[in-house]
Structure formats: C-alpha cells, structure tokens
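Thanks for asking me to look this one over.

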Amino acid sequence: MRTLLILASIFLEIHLHFTGSQAEHQRSLSSGNEVVSSKESEDKNEDVIEGPVREVLAHSGSTANLPCKITDPGAGTITWVKHKGRRLLTVGTSVHSIDNRLLVMHSSTDWSLQIRAVTLQDAGIYECQITSHPVQRNFVHLKITEAYSIIPGAPDLHVKQGSSLRLECQLMAAAESPLYVFWYRQGHMINYDEEPGVNVELTKGGSILMVNKTKPSHGGNYTCAPSNAKPAYVMVHVIEEEEKPAAMHGGDRRNLSPAILASNFLVSLLAAASWRIPSFTSLYPT
C-alpha cells in the first residue's frame with residue numbers, strides 16, 4: 001500500500017511538472033506572436049511612396065517651387081505634407097505651419113508649394129494629396145545644394161601697369177541667376193563709384209569687372225559677393241613700368257654692367273690717344 005502511494009505521488013509530480021512546462025511554452029509562443037504582430041503592424045503603418053517622384057534642385061538661400069499637377073480642377077481639396085514625420089503644411093491655400101516661408105501658388109492645373117530662402121534642412125520628400133476618389137498622390141524630392149563663386153586666376157593675379165584687367169565672378173552649383181553681384185576692393189564697394197575706366201557688368205552666371213588701363217591704385221584684394229552664393233577673392237598685383245637704365249639718364253656708374261664700363265673705357269682711351277698723336281700737316285708742313 002505504501003508503495004502504491006509513493007508511485008502515485010511520483011506520477012503526480014511528473015504530471016504537474018509536464019503541465020507547467022507546457023503552459024510556459026505556450027506563454028512564450030504567445031509572447032513571440034505578439035512581438036511579430038506588433039512589428040507587422042508597424043510595417044503596415046509605415047508610409048510607402050507609391051508612384052513616380054519628381055526631383056527639384058535648389059541652392060541654399062534661393063526659392064524652391066514644388067509642382068503639383070492636377071487634371072481635374074474640381075477633384076477635391078489639395079494638401080501638402082512633408083513626408084518625414086507626416087507634417088501637414090497646407091490645406092487648400094491656407095498654410096498650416098508656423099513657417100512663414102511657405103506659400104501656395106495655384107492655378108487651374110497646378111498647386112505649387114513655394115519655399116523661400118531654403119536651407120539644407122528643407123531637403124526631403126514632399127507629398128501633394130488630392131482628396132478625390134481614389135486619392136491622388138504626387139511626390140516631389142527637394143534637393144538642396146550649396147552655391148559658391150570662383151574668380152579664375154585666384155588667389156593671385158599679376159597685371160602690367162597700363163594694360164587692361166578683367167575679373168570674372170562665376171557661380172558654381174547655382175540653380176538660378178543672382179539678383180546682384182557686389183564687387184569690393186580692399187573692403188570698399190566699387191559697383192557704384194563711377195570710377196573712370198572701371199566697368200561692372202552683371203551676367204547670367206555671375207559678373208564681370210573690367211579696368212581699361214590699370215594703375216598702381218587698382219591693385220589690392222578684390223571680392224565678388226553674389227546675392228545667392230558664397231563670395232570669392234583674388235589678390236591683384238599691378239606691376240609698375242620698369243625704369244630706364246642709369247646710362248640713359250645719367251646716374252650712378254656702379255649700376256652699369258661690366259660690358260658697358262669696358263666700352264666706355266675703350267672710347268675714352270681712343271679719344272685720349274687721338275689727342276696726343278700729331279696730325280700729318282704738323283709733321284710735314286707744305
């Protein structure tokens with residue numbers, strides 16, 4: 001009898017152990033299923049770009065225009081959203097953002113989003129939604145570049161006195177032409193000085209500074225500063241006209257070359273000898 005009780009207790013312990021292990025296994029499986037389902041839900045909630053993406057390039061400080069073409073003017077309300085963070089920017093013509101650089105430029109077929117004075121932080125994917133059935137979605141990828149300027153010949157440029165000087169300010173990585181380009185010499189703006197012989201011309205890709213006849217006063221550090229790009233610098237050195245040799249205008253003989261000194265000595269020697277030799281008329285008088 002005692003043996004049967006011992007066997008029964010052992011069997012009961014084994015059964016309880018097996019049942020507990022099975023329950024723990026089921027809990028672990030259910031916990032793993034919850035993690036997977038949560039991850040799946042996150043993947044489902046992640047916004048996916050569906051359709052073509054149009055690229056717009058703008059340089060820092062300029063104005064970017066993001067197009068939103070529509071086929072049906074009465075299709076529904078147009079909204080602009082920045083894809084990162086799903087930040088609502090505009091609804092219709094109203095701006096739903098504290099950023100005062102935003103503006104909706106709309107017509108019958110286009111509801112463009114304008115961003116003034118763009119920065120590197122404005123780069124990213126923008127979405128234009130039209131609340132039609134089904135919803136229309138247009139995507140624009142805004143890329144921002146850093147525009148800068150160069151002056152060919154920099155950092156040092158040598159020009160002979162009296163010759164012409166031409167400095168060209170060229171914009172690099174710029175998406176639009178500058179509104180203005182200011183030129184400075186030694187920190188002083190020279191665009192509006194009306195200095196004789198100095199002319200400044202604005203071009204599509206920068207500016208050109210011309211000096212007809214350079215003087216020593218035209219030398220110095222020149223800076224071109226476009227309205228929409230980083231400035232550029234060049235140091236202009238005006239080489240003054242060489243002075244005439246001392247033998248031409250009378251000067252210190254120590255500056256003459258050995259060849260000139262020898263030639264002068266020979267001329268003096270011949271002159272002295274001709275003075276000492278008597279003429280034939282004095283030796284044989286008639």
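1. Let's begin with glutamate 127, a charged residue that has 0% relative accessibility in this predicted model. Because buried means under 20% relative accessible area, glutamate 127 counts as buried. Glutamate 127 belongs to strand E8, which covers residues 124–130. Which residue does its side chain meet in a polar contact of 2.7 Å? The partner is the side chain of arginine 137.

2. Tyrosine 126 is in the largest nonpolar core, a set of 22 residues. Tyrosine 126 is listed there among the residues with the most contacts inside the core, along with Leu66, Cys68, Trp80, Leu113, Ile115 and Leu142. Several strands each supply at least two residues of this core: E1 (53–59), E2 (64–66), E3 (78–82), E6 (102–106), E7 (111–115), E8 and E9 (136–145). In soluble globular proteins, nonpolar side chains tend to be buried together.

3. For the chain as a whole, the secondary structure comes to 4 helices and 18 strands. Of its 286 residues, 28% count as buried. Taking contacts between residues at least 6 apart in sequence, 62% join residues at least 24 apart.

4. Now to the largest pocket, with a volume of about 200 Å³. Its lining has 16 residues, and the closest to the pocket centre are Val181, Asn191, Tyr192, Val200 and Glu201. Strands E13 (181–185) and E15 (198–203) are the elements that give two or more residues to the lining. E15 has the largest share, with 5 residues. What is the lining like by class? It has 9 nonpolar, 3 polar and 4 charged residues.

5. Two peptide bonds deserve a look in the viewer. The bond from histidine 133 to proline 134 is cis, with omega near 0°, and proline 134 sits in the loop between E8 and E9. Alanine 154 and proline 155 are also joined by a cis peptide bond, here with omega of about 10°. Proline 155 is in the loop between strand E10 (148–150) and strand E11 (156–160). As background, most residues other than glycine have a negative phi, and most peptide bonds are trans.

6. Alanine 117 has a phi of about 50° although it is not a glycine, and it lies in the loop between E7 and E8. Glutamate 194, again not a glycine, has a phi of about 55° and is found in the loop between strand E14 (188–189) and E15.

Note on methods. Residues are numbered from 1 along each chain as its sequence is written. This is a predicted model: local features need pLDDT of at least 70, side-chain atom pairs count only at pLDDT 80 or more; totals for chains, interfaces and linings use all residues. Side-chain values use heavy atoms; hydrogens and water are left out. Buried means under 20% relative accessible area, exposed over 50%, partly exposed in between (1.4 Å probe, protein chains only). A polar contact is a pair of N or O atoms within 3.5 Å; within protein, one must be able to donate a hydrogen and the other to accept it, and residues adjacent in sequence count only if both atoms are side-chain atoms. On a 1 Å grid over the protein atoms alone, a cavity is a set of points where a 1.4 Å probe fits but cannot get out, and a pocket is an open set with protein on both sides within 12 Å along at least five of seven lines; lining residues have an atom within 4 Å of a point. Grid points are joined across faces, edges and corners, and a volume is the space filled by probe spheres set on the points. A nonpolar core is a set of buried Ala, Val, Leu, Ile, Met, Phe, Trp, Tyr and Cys residues joined through side-chain atoms within 4.5 Å. Contact means heavy atoms within 4.5 Å.
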